[in-house]
Amino acid sequence: MPATTGVLVVNLGTPDAPTPAAVKRFLAEFLSDPRVVDLPRLPWQIVLRTLVLPFRPKRSARAYREIWTAAGSPLLTGTEALVRALAGRFAALAPDPPAIAMGMTYGNPSISLALQSFRDRNLERLVVLPLFPQYSATTTAAALDRVEAALAHWPSVPEIAVIEDYHADADHIAALAASIKSARTSWKHLLFSFHGIPRRYAVAGDPYGDRCQTTARLVAERLALPAEGWSVAFQSRVGGAKWLAPYTADRLRELGSGGSKRIAVVCPGFAVDCLETLEEIALRGQATFIGAGGLEFEYIPALNDDAAQVACLARLVRERVNAARVPAP
């Protein structure tokens, strides 16, 4: 029997290659999205085309080359592995497993291409699973914009369910805690580092920062960490505007020069390892911490295709599907 449900797994995206040209194409698309940069369109496009794109791609390409593998971009291959694991989980648990496809908000494979693989299947429902545990307009809503734009061209649109957020899901918290428990070093302080957003977005109502704090608190509680044994910071700040604080680089310097000479860093905002975890934290973050006087630094990998993450995400999908099958009273 053909699948009547499609599951679209969405991640942010990645350049096709660690080259300035490929990075430039990716950044041009990414930084042109008003969800990502909310400045007036024409002035921002002038800045983007004259001050950003001529220079930043070369620097970013060097960073991508630091973490690129023979198989390609870690974000792409990691997301592919997670999707394969989810497909296997669905096949093992359901007599009529859903179809599953992967799309990136920016770059390839696109959300539009992923949805095209569903178009001729006469789907009754579509479950959209953005791999962003903490909702933000800059990530989840941006992905949903692309989904809506692609579906606008369908002659008949299936019922749509969105997993907008799982920042406080008990299984997700348990999976994060288990991964932290497996850390190799006897760390004295655990730093939760989340991707930042401009502070003005939070002031305008984006709940992302609060949800990051909730994720960290719930994990710390599950691990029974003392208040002084963990902290939260925000990474990947660009430009001169104020972003969510404290900044990860500043916090690493404080920890390295203070009493916490042995630390572990985990990045619970990333379902799959990528440039921001592997290069910015595992490489540059470690150098910052050690340079400030720290002794031991461990980056705890993202959950990736860990069985606990796969089980959690598969359950969230099944719950959305089963809720859609229940007739309204």
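Reader: In this predicted model, is Phe30 buried or exposed, and how should I read its relative accessibility?

Author: A residue counts as buried when its relative accessible area is under 20%. Phe30 in this predicted model has a relative accessibility of 18%, and therefore counts as buried.

Reader: Which aromatic pair does Phe30 form, and what is the geometry of that pair?

Author: Two ring planes over 60 degrees apart count as edge-to-face. A search of the whole structure finds 6 aromatic pairs, and one of them joins Phe30 to Tyr106, with 5.2 Å from centre to centre and 70° between the planes, which makes the pair edge-to-face. This pair links distant parts of the chain, since Phe30 belongs to helix α1 (residues 20-30) while Tyr106 belongs to strand β2 (residues 99-107), and the two are 76 residues apart. Tyr106 is buried as well, its relative accessible area being 0%.

Reader: Turning to charge, how many salt bridges does a search of the whole structure find?

Author: Side chains of opposite charge can pair when their charged atoms come close. In this structure the search finds 13 salt bridges. One of these joins Glu254 to Arg251, whose closest N and O atoms are 3.0 Å apart.

Reader: Where do Glu254 and Arg251 lie, and what is the relative accessibility of Glu254?

Author: Both Glu254 and Arg251 lie in helix α10 (residues 248-257), where a spacing of 3 residues puts them about one turn of the helix apart. Glu254 counts as partly exposed at 46% relative accessibility, whereas Arg251 is buried, with a relative accessible area of 17%.

Reader: Which side chains meet in a salt bridge of 3.2 Å, N to O?

Author: The side chains of Arg262 and Glu296 meet at that N to O distance of 3.2 Å. Arg262 lies in strand β7 (residues 262-266) and Glu296 in strand β8 (residues 296-300), so their pairing ties together parts that are 34 residues apart in sequence. Arg262 is partly exposed at 31% relative accessibility, and Glu296 is partly exposed with a relative accessible area of 30%.

Reader: Which residues are linked with Arg315 in a network of salt bridges?

Author: Asp169, Asp171 and Glu319 are linked with Arg315 in that network. Within it, Glu319 forms a salt bridge with Arg315, and their closest N and O atoms are 2.7 Å apart. These two residues sit in helix α13 (residues 307-325), and because they are 4 residues apart, about one helical turn separates them. Glu319 is partly exposed at 38% relative accessibility, while Arg315 is buried at a relative accessible area of 17%.

Reader: Which residues gather in a patch of positive charge on the surface?

Author: A patch of this kind is made of residues that have over 30% relative accessible area and no salt bridge. Here Lys58, Arg59, Arg62 and Arg65 gather in a patch of positive charge on the surface. Among them, Arg65 is placed in helix α3 (residues 56-67) and counts as partly exposed, at 45% relative accessibility.

Terms used
Residues are numbered from 1 along each chain as its sequence is written. This is a predicted model: local features need pLDDT of at least 70, side-chain atom pairs count only at pLDDT 80 or more; totals for chains, interfaces and linings use all residues. Side-chain values use heavy atoms; hydrogens and water are left out. Rings of Phe, Tyr and Trp (its six-membered ring) pair if their centres lie within 6.5 Å; planes under 30 degrees apart count as stacked, over 60 as edge-to-face and the rest as tilted. Buried means under 20% relative accessible area, exposed over 50%, partly exposed in between (1.4 Å probe, protein chains only). A salt bridge is a side-chain nitrogen of Lys or Arg within 4 Å of a carboxyl oxygen of Asp or Glu. Patches are made of residues with over 30% relative accessible area and no salt bridge: like charges are joined within 9 Å, nonpolar side chains (Val, Leu, Ile, Met, Phe, Trp, Tyr) within 5 Å. Accessible areas come from the Shrake-Rupley method with a 1.4 Å probe; for residues, only the protein chains shown count as cover. Lys and Arg count as positive and Asp and Glu as negative; His and the chain ends are not counted. The place of a charge is taken as NZ of Lys, CZ of Arg, CG of Asp or CD of Glu.
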